[in-house]
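Hi,

Here is the structure I promised to pass on. Have a look at it first, and then read my notes below.

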Amino acid sequence: MKQGTSLIHKSKINDLENVLVMQGGGSLGAYECGVYKTLAKHKINFNIIAGTSIGAINASLIVGSKDDQPEKTLEEFWIDVADKTTPDFFTKEMQTFYSTVNAFFWGNPKAFEPIAPFPAYFASFFPYLYNTKPFQETLEKYIDFEKLNNPETPRLLVTSVDIQKAKAVTFDSRHVKIGIEHILASAGFPFYGLSWTKINDQHLWDGSLMSNTPLREVIRASPKSDKNVYIISLFPKIHDVLPKNMSESWHRARDIMHTDKTEHNLKMSKVISRYLKTLKEMHDIISNSTLDEKQKQRFENIESEYHKLACDRGAIIQKITKIERQEESHYIFEDADFSLATIKRSIKQGNDDAEKVFMNADS
């Protein structure tokens, strides 16, 4: 069996689901590519893969890969969309600045394009500055949508936001036939001028506006089975040095807005686990006891409610493995840097960081 092939087969042992959760973060999504390469190398099987924004794009490329090695497809995609006009002799800081400015004026031929020359001029006249038609053509090159919606492949969840109702919208491949429009709906980030996507009567923006780590959406979609969760975190949670200027202040604020906030989910999962264990023990004691007719009737009346609580919605997060990206510099537009050198560095960093997590787990 080729390396990575096992990741596209559904596997479930003792009702425990392996879940991969990927955040949004623009060009930082290349880091997720590197992490996934390591997960594939270690043959981690996933039942559910969830993502928002660029994480939704990565998730879709993995589940619907036209190749039997999705990690290979993912890396080919990232090299394809990388900006190859940035000079190699630039420093990292110069590469980031050049690539960001280049994307601002000219877009990215494989991802998004300005609706008109000098897009900033039109900010007062249009609700968005770039359309994502190039992304559609690029994704169709790499994704087999029939495979993506096949029940035998991992379950795909992509998130977005209803603009008019400020309501989270999740597309689930087990209930909706996910197409290119659903993926693009998860990636229309308004702060970078990207267009929304209209599906039926809903106008949808980037899912990161509501939740950049869609673990809660996974639990809602699959409330019965316990979870073993892998989270790829693109925005550093800890940063010891205070900002020195407004650019660094905005950068740190952006990190805080988008960083992983699932600690509460894990704490609540542990509390609920104790409640459910106690509830099940009490249920077993009562069901094996001698009851009079009145007590039997009361027991039967609450039996259905017990099953709803303890069985139908009793998912517990057994374990969370986090692979967290760290950063050397703190540039506000780092997630708009698609320069080839930066994309390759991000892939390598994700690969190396994930390997360290596995090494530490084995030690």
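First, a term you'll need: a residue is called buried when its relative accessible area is under 20%, exposed when it is over 50%, and partly exposed in between, with a 1.4 Å probe and protein chains only. By that rule, F77 and F135 are both buried.

Before going further, some ground rules. This is a predicted model, so to speak of local features we need pLDDT of at least 70, side-chain atom pairs count only at pLDDT 80 or more, and totals for chains, interfaces and linings use all residues. Numbering starts from 1 along each chain as its sequence is written, and side-chain values use heavy atoms, with hydrogens and water left out.

Now back to those two rings. Phe, Tyr and Trp rings (for Trp, the six-membered one) pair if their centres lie within 6.5 Å; planes under 30 degrees apart are stacked, over 60 edge-to-face, and the rest tilted. Searching the whole structure this way turns up 14 aromatic pairs. In one of them, F77 and W78 have ring centres 5.5 Å apart and planes at 80°, so they meet edge-to-face. W78 is buried, as is F77. F77 also pairs with F135, this time stacked, at 6.3 Å centre to centre with 10° between the planes. Together with Y142 and F338, the residues F77, W78 and F135 make up one aromatic cluster. (Helices are DSSP runs of H or I with at least four residues, strands are runs of E with at least two, and both are numbered from the N terminus.)

The other spot to look at is strand β2 (residues 48-52). Five of its five residues are buried, so the rest of the structure largely encloses β2. I48, A50 and T52 point one way, while I49 and G51 point the other. In a regular strand, side chains alternate between the two faces of the sheet.

What does β2 pair with? Strands pair if DSSP finds at least two bridges between them. β2 runs parallel to β1 (residues 16-22), joined by four bridges, and A50 is the partner of V21. It is also parallel to β5 (residues 155-162), with five bridges, where G51 partners V158.

Finally, Y36 sits in helix α1 (residues 29-41) and, at 0% relative accessibility, counts as buried.

Cheers
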